[in-house]
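Dear colleague,

I am passing on the structure we spoke about, so that you can look at it alongside the notes that follow.

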Amino acid sequence: MNLLILTRTAAVQGTSWTVHAACRLVAVLVLVLVAVSAQASDPEPWPRTGEPPLVVDPTVTWGSLPNGLRYVIMPNRTPPGRVSLRLLVEAGSLMEREDQRGLAHFLEHMAFKGSKNVQPGEFVRFLQRQGMAFGADTNARTGFDSTVYMLELPGNGAELVDSGLFMLSEVAGNLTFPPAEIDTERGVIESERRLRNTPFARQTDAMLAFMLDGTLYPDRLPIGDEQVIRTADQADFEAFYRANYRTDRMVMVVAGDVEPQAVEPILQKHFGQFAKPDAPFAAPDLGQLDHEGADALYFMDPGLPTTVALMRSKPEPQEPDSLERVDRRLVDHLANMMLSRRLQSRALTPGAVFTDGDAWSAPMEPMARISGVTLQTTPEQWEQALTVAEQELRRVLQFGFSQQELETAIGILRSDFQARLAASMTVESARQAEALVATIMDEGVFTSAQSDLDLLERTAATVTPERALEALKAAWGADEPKVMLTGSFPLENTRERILSVYQQSRAVEVKPPEQAALPPFAYQDFGTPGTVTGRETIQDLGISSLQFANGVQLDMKPTKLEADRIQVAVRFGSGVFSMPKDQPGLSMLAKAGFIAGGLGRHDIDQIERIFAAKQVGVDLQPADTSFVLTGSTTRTDLPDQLRLMAAYLTDPAFNPDALVRFRQAMADTYRAMDATPSGQFSGPVALLIHDGDPRFALPPEQEIAERTLDELRTWMEPGLKSGPLQVVLVGDIERETATKLVAETFGALPDRGQVDPVQPPTIRLPSRAEPVEFYHHGQRDQAISTVFWPTTDSRDRRRDRGLDILADIFSDRLLQAVRDAEGASYSPEVSNGSSATLPGFGYLAASVDLQTDHARETLQETVDIARGLREEGVTADELERAVKPRLAEVEAVRQSNRWWAYAVLLGMHQFPDRLEAVRTAKADLSAHTVGSINDLARQYLVNDRALRVLILPAPTE
């Protein structure tokens, strides 16, 4: 993993404790803007080494063909027998003329619609027959300056690698753009535009226009111009394709279980056929950044949380990669980390006027860098939050950082880099391929994990608080920042009002920050270590089960899938099944408020600071039949991870401040839910399909606002103190050491005793004669139609696998009908919802996002497709194209520690059939025939029992 990519993305990462909603805008910004270089690529030298030189990862092979196309091959054995392919085309929306806006993205769609050697409609089918699922294994993305095509090969045989590279070579130089396919795909593009027209996307677009005024970026959003999408013809596509899909603007990335010498001839065979460009690439004029003096913008949207952001755009020309560039970026990152930690710590203090805060930086080579401070607040407190943002930024610029802050920041980054180094030999090929693409687009040097750590230590040895302060001052400059307020409330005289609040804050004198003392972690001794009273080894699955005298169950699976990485889960209590029906939303309070409430002897701010430089964190998930504490750690930090989890089990604080933050966050959640049709699924739709049981749905906002910490304590405390308790460890563990650590923590707790299990409720999918309608208050052209057919639970493994196959075949037919044939939807899908916990409950659900005017007819079309499956049956080709990707998926998930921990070991004593399901997964899939799938279709796709749901814009008054 390349250092430059880590430092860029880490600037906007929150802590491991909570999801920082204030980072959403920042995260979108970084994803959209990172490495937007429009300079002509220089293939020499290849690979880049920088000046002074950086050490290129020696495991990677770099090469180029005579026509200028470059390639990168990285042998990687994780997962074994699989290969990740990426075709990087250094062409995106910035390369479009005014009359071509949207063609780069539209062309990406057309790459799957026919080429010189692949007929329209056969691209996806061919890949499915090779074991690749559309979307999961075959996909693409378009940005400002690049388009990336992705294939995840389910094997590494020479024939499959040849097929994958052949397909991508067709994209590189042999696309044909059939006019009929263009016309159909217009509707798909419009559907994608409609689907992605969300409050956060609109906020990002507004921010781009605000911060990048004078440049080409705001006028070249990848989704494009509606008029161009409606009218572009074959000649338009050909012109853009020939001008920009050039061999000197392409890089083929291969990462996986391959040998470079075996891949290079295949690359030459398929990509060497294309001619070398006659003339140099003409880079577009990106414009001139305009940032003069203070300015303010209020962006109002009903679905947005309230945020205030101070931002500064500063010209920053492109430069070659070098030791100095790496060092400077690390220092910039450390400065942002320290300021972010100050803001986040203040957000956790009682009475805080904002719930989250971050300092961030987004480089925009070759033009500029945007620096920002973002706080999330409430409509009533935005003025106070803006005051905090201005004064905290000014405070740090005036008084700087302390040595303690710097050492903490270095410790955090060092811990992260050490963990990445330890895991570097088992990084998945898909992640390696993405890292290579990102580094190439950044014009960076791809360094090894060891080099990354060495570079960090080089900077850490010389950086001082004064240098970090100078970096922050350089980023913000002498000019006033721009202020952007977002929210859902009306505001008059917005620019003047915001600037007035800002200037009033500027007039207030700031004082040096206070340094709070940090106590050691108080929870070290949980009593006499427990003794093991029972052992069992499940040899074929590599699982060890131990029983402690106090009733605690330890289940372990040592693996080398991820070096020095361990998944930890603690299962206790009775979960959602035991939640009082008259306290709807209590599970959401548990999920958001339990960990944030801290411990009896440490508040959440202290906990975050104590473990800041360790790979330690914890979250809580209320499941149907239990609560689950989750975390991910390393061998070195496993003792602290277990102590922290045991502390939450024995001494949770249920702090009232957590309830305040929860209620503020839920207000934002409901606004976002109401602003899109998909937001209705977790609320009223979930309530409907669970037959009105409020435990399985998000209740109305006024009801969740009534939940209290006393209710939460009453619900959770019995399970915290008694009843079954399971500890799961999966990953790079040593059995004896892990057993000792669990004995000292969970094994040392008082006897858990016996508790009668909570019986599951009886729930059936309701029946309605007419479609049930729900309403949202977002865009009036956005709707979703969904049909639910009742099935059953997942206890019969082979039947459940058959329903998966039936859902995939149904999804493929739905995709062909409403996307490929009609262009009416971007992402129709069908899923199997067989329950593992609710006896007899399950459904097949077919969902289509679409234009509001087409909602009812598409609902009927979905029902008609189900009728066709039931009456006419499936074909052998459909069965093959559904089963092969599923078989490949079975192999893929076995390479995941998370899958073993949460899908297999967790709850394996309550649901022992999980172990047998692992053993028989392939056999259960392969056993299905055309006849057995047709039987399932006839049994379950009965339209008279189907529940039809429409999510539509709310009627206007």
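What covers the buried residues of helix H31 (residues 930-940)? Before I come to that, please bear in mind that this is a predicted model.

The buried residues of H31 are Ile 933, Asn 934, Leu 936, Ala 937 and Tyr 940. They lie on the same side of the helix, because the arc they cover around the axis is only 155°. As a general point, an α-helix has 3.6 residues a turn, so residues three or four places apart point the same way. The cover over the buried residues of H31 includes strand E20 (782-790), together with helix H26 (797-821), helix H27 (855-872) and helix H28 (876-893).

Turning to the sheet, seven strands make up an open arrangement with mixed pairing, in the order E12-E13-E14-E18-E15-E17-E16. Its edges are strand E12 (532-538) and strand E16 (619-622), each of which pairs on one side only, and the twist from one strand to the next averages 20°. Helix H29 (residues 897-905) lies across E13, strand E14 (552-558), strand E15 (566-572), strand E17 (627-633) and strand E18 (725-731), and runs at about 155° to E18.

Elsewhere, strand E9 (residues 356-364) is mostly covered, with nine of its nine residues buried. Both of its faces are covered, with Asp 356, Asp 358, Trp 360, Ala 362 and Met 364 buried on one side, and Gly 357, Ala 359, Ser 361 and Pro 363 buried on the other. E9 runs antiparallel to strand E10 (residues 368-377), to which nine bridges join it, and the bridge partner of Asp 358 in E10 is Thr 374.

Finally, there are the nonpolar cores. The largest has 76 residues, of which Tyr 149, Leu 165, Met 252 and Phe 271 touch the most other members, and helix H5 (residues 158-173) gives the most to this core, with seven residues. A second, separate core of 74 residues includes Leu 375, Ala 385, Leu 386 and Leu 455. To return to Tyr 149, the residues that it touches, leaving aside those up to four places away in sequence, include Leu 85, Leu 107, Asn 139, Leu 168 and Tyr 245.

With best wishes

Terms used:
Residues are numbered from 1 along each chain as its sequence is written. This is a predicted model: local features need pLDDT of at least 70, side-chain atom pairs count only at pLDDT 80 or more; totals for chains, interfaces and linings use all residues. Side-chain values use heavy atoms; hydrogens and water are left out. Two strands pair if DSSP finds at least two bridges between them. Helices (H or I, at least four residues) and strands (E, at least two) are DSSP runs, numbered from the N terminus. Axes are lines fitted to C-alpha atoms, for helices over the stretch in contact, and angles run from 0 to 180 degrees between N-to-C directions. Contact means heavy atoms within 4.5 Å. Buried means under 20% relative accessible area, exposed over 50%, partly exposed in between (1.4 Å probe, protein chains only). A nonpolar core is a set of buried Ala, Val, Leu, Ile, Met, Phe, Trp, Tyr and Cys residues joined through side-chain atoms within 4.5 Å. The arc is that of the directions from the helix axis to the C-beta atoms.
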